Amino acid sequence: NTTEASSSEQSHLIVVSNRLPVTLTRGEDNMWSAKLSSGGLVAALSGLKKETSFRWVGWPGGDFSADDRVKIDSLLGENSCSAVYLDDETAELYYNGFSNSILWPLFHYHPGEINFEEADWEALPDSLLEVVQDGDLVWIHDYHLMLLPRMLRTMLDGRGLKSVKIGWFLHTPFPSSELYRILPGVLSADLLGFHTYDYARHFLSSCARILGLHTSPDVHVGTFPIGIDPDKFSEALETDAVKARLGHFEQQFRDTQVVVGVDRLDYIKGVPQKLLAFEELLARHPEYVGRVVLVQVAVPSRGDVEEYQQLIVSVSELVGRINGRFGTVEYTPIHFLHKSVDFTELVSLYAISEVCLITSTRDGMNLVSYEYVASQQKRHGVLVLSEFAGAAQSLNGSIIINSWNIEEALSMSADQRLANFTTLYRYSSTNSRPAPKARVVVLDYDGTLSATKSIPEFARPSPL
Ligand code: GDG
């Protein structure tokens, strides 16, 4: 890519997010290697990667020496990524502090304290200017980067790059509370995307009530219920590795029903609530003791933030208490994995389970729900989905189950399971692709629908 601010015939798609989609590790030989990370954003864009190529700009995580940065830049370059480096102090303020201790709890209805310095962001537009050419589409992701559209637009205008389109997508809910101080940032994008109509409506009513804005001819607000690439799961189920692992699980759990939970260990995912519901099930229904296990994958997350450290302690205590109370030498009620598992293990766990339990107290979308459905073509397992996850709106009409009612899920008839699965599968396999094929619903600030467009009408980037 050129650093020249010239207009180019071919426009490119540039994805910008807080973290790059790779995790870097240094080997014993001092060489760096990059592995694809797991997480909602990476999963959401993996389908898009099949259809178009793009350059990804973001923070590689960690604070690296000048020597390491040279090596990492070259490794990332081979993977169509460009790094924006943050030193430890900036990362602490911007990432652990403002993003994860303030915006995240606020957007998920957990109040927090505000302590933020805008200066910390200024490295990002500079790095972006090194890769952006006129005519490109810059697609910015998530709550961390709400101010970036405005900063980038100002810098682009200053350099005469007038035909760069900027899109911004929020992966979290947008709350109905006041966000006055940060709204001017995203209003400099051309298109703002949300998972659900409710989040877009909350955003628009915040604009109207807090900023007094009622119309904006230049900013489009759209709902894009993000999905997954279901083929990745159906294809994995046909691999020898998954078949072998599944065979092992079938043997291990031959007399046991498996309930699965897969969450980043984040307070929005409602893991303590899930454990308490499981405890209640075993307490009220002794017939399930010894016959049902909960396999909970809890991926470590944001360990530098105090609330997350406390969560690990309370969840570990609960697991210990429940296993101590109902376990025997032969039976462990909760298999608690405080780690990330590899993809083969993940798909095999989805496939072996009778029930997938999602108990988020708030969740932008929740892709685990889609992945479970994509892995359940044989068993027609039951998805128990919290109404507070965005996915509950997309998967509506499919499963009418109280989020906490595992008992109903475990005893559901095969016919009912098949009927539910068929509806769910139809939705999740037809709404599987992220933005390029999505419809843009253009809303006015008062929430009324003013037009419908397809993404290609908005911008059609060509591959890098
Ligand atoms: C944010 C929003 C929104 C999890 N454990 C393992 C693993 N995962 C993968 C899952 C899934 C992804 O991580 C989690 O996605 P979610 O959507 O459920 O949740 P968040 O990470 O909180 O994502 C969320 C999303 O952004 C997209 O917009 O839906 O609401 O919070 O793909 O499979 N993958 C592997 N091992 C694990 O142990 N391999």
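How close do the axes of α10 and helix α11 come, and at what angle do they cross? Point 2 takes this up, after some notes on the model.

1. This is a predicted model, in which local features need pLDDT of at least 70 and side-chain atom pairs count only at pLDDT 80 or more, while totals for chains, interfaces and linings use all residues. Residues are numbered from 1 along each chain as its sequence is written. The protein chain has 17 helices and 16 strands; helices (H or I, at least four residues) and strands (E, at least two) are DSSP runs, numbered from the N terminus. Of its 464 residues, 43% count as buried. A residue is buried if 20 or more other C-beta atoms lie within 10 Å of its own, exposed if 12 or fewer, and partly exposed in between, with C-beta atoms placed from the backbone.

2. The axes of α10 and helix α11 (residues 306-326) come within 10 Å and cross at roughly 10°. Axes are lines fitted to C-alpha atoms, for helices over the stretch in contact, and angles run from 0 to 180 degrees between N-to-C directions. The two helices α10 and α11 are therefore roughly parallel. Angles under 35 degrees count as roughly parallel, over 145 as roughly antiparallel, 65 to 115 as roughly perpendicular and the rest as oblique. On the α10 side the contact includes Val271, Pro272 and Leu275, and on the α11 side it includes Ser314, Val315 and Leu318; two residues are in contact if their C-beta atoms, placed from the backbone, lie within 7 Å. By class, the contact of α10 with α11 has ten nonpolar residues, one polar and one charged. Ala, Val, Leu, Ile, Met, Phe, Trp, Tyr, Cys and Pro count as nonpolar, Asp, Glu, Lys and Arg as charged, and the others, Gly among them, as polar.

3. Pro272 is a residue of helix α10 (residues 271-284). Leaving out residues up to four places away in sequence, Pro272 touches Ser314, Val315 and Leu318. Pro272 counts as partly exposed because it has 17 C-beta neighbours inside 10 Å.

4. Helix α9 (residues 240-252) packs against helix α12 (residues 343-352) at an angle of about 45°, with their axes 9 Å apart. The pair α9 and α12 is therefore oblique. Among the residues that make this contact are Ala241, Val242 and Phe249 of α9, and Val347, Ala351 and Ile352 of α12. The contact of α9 with α12 has seven nonpolar, two polar and three charged residues.

5. The largest nonpolar core has 114 residues, of which Val16, Val138, Trp139 and Cys356 touch the most other members. Such a core is a set of buried Ala, Val, Leu, Ile, Met, Phe, Trp, Tyr and Cys residues joined through C-beta atoms within 7 Å. Helix α3 (residues 88-107) gives the largest share of this core, seven residues. Apart from residues up to four places away in sequence, the contacts of Val138 include Ile14, Val16 and Leu152.

6. In helix α1 (residues 40-51), the buried residues include Leu41, Leu45 and Leu48. The buried residues of α1 pack against β1 (13-19) and β6 (137-141).

7. Two residues deserve a look at their phi values. Asp142, which is not a glycine, has a positive phi of about 80°. Asp142 sits in the loop between β6 and α5 (148-158) and is buried, with 22 other C-beta atoms within 10 Å. Arg302, also not a glycine, has a positive phi near 50°. Arg302 is in the loop between β11 (292-299) and α11 and, with 19 C-beta neighbours inside 10 Å, counts as partly exposed.
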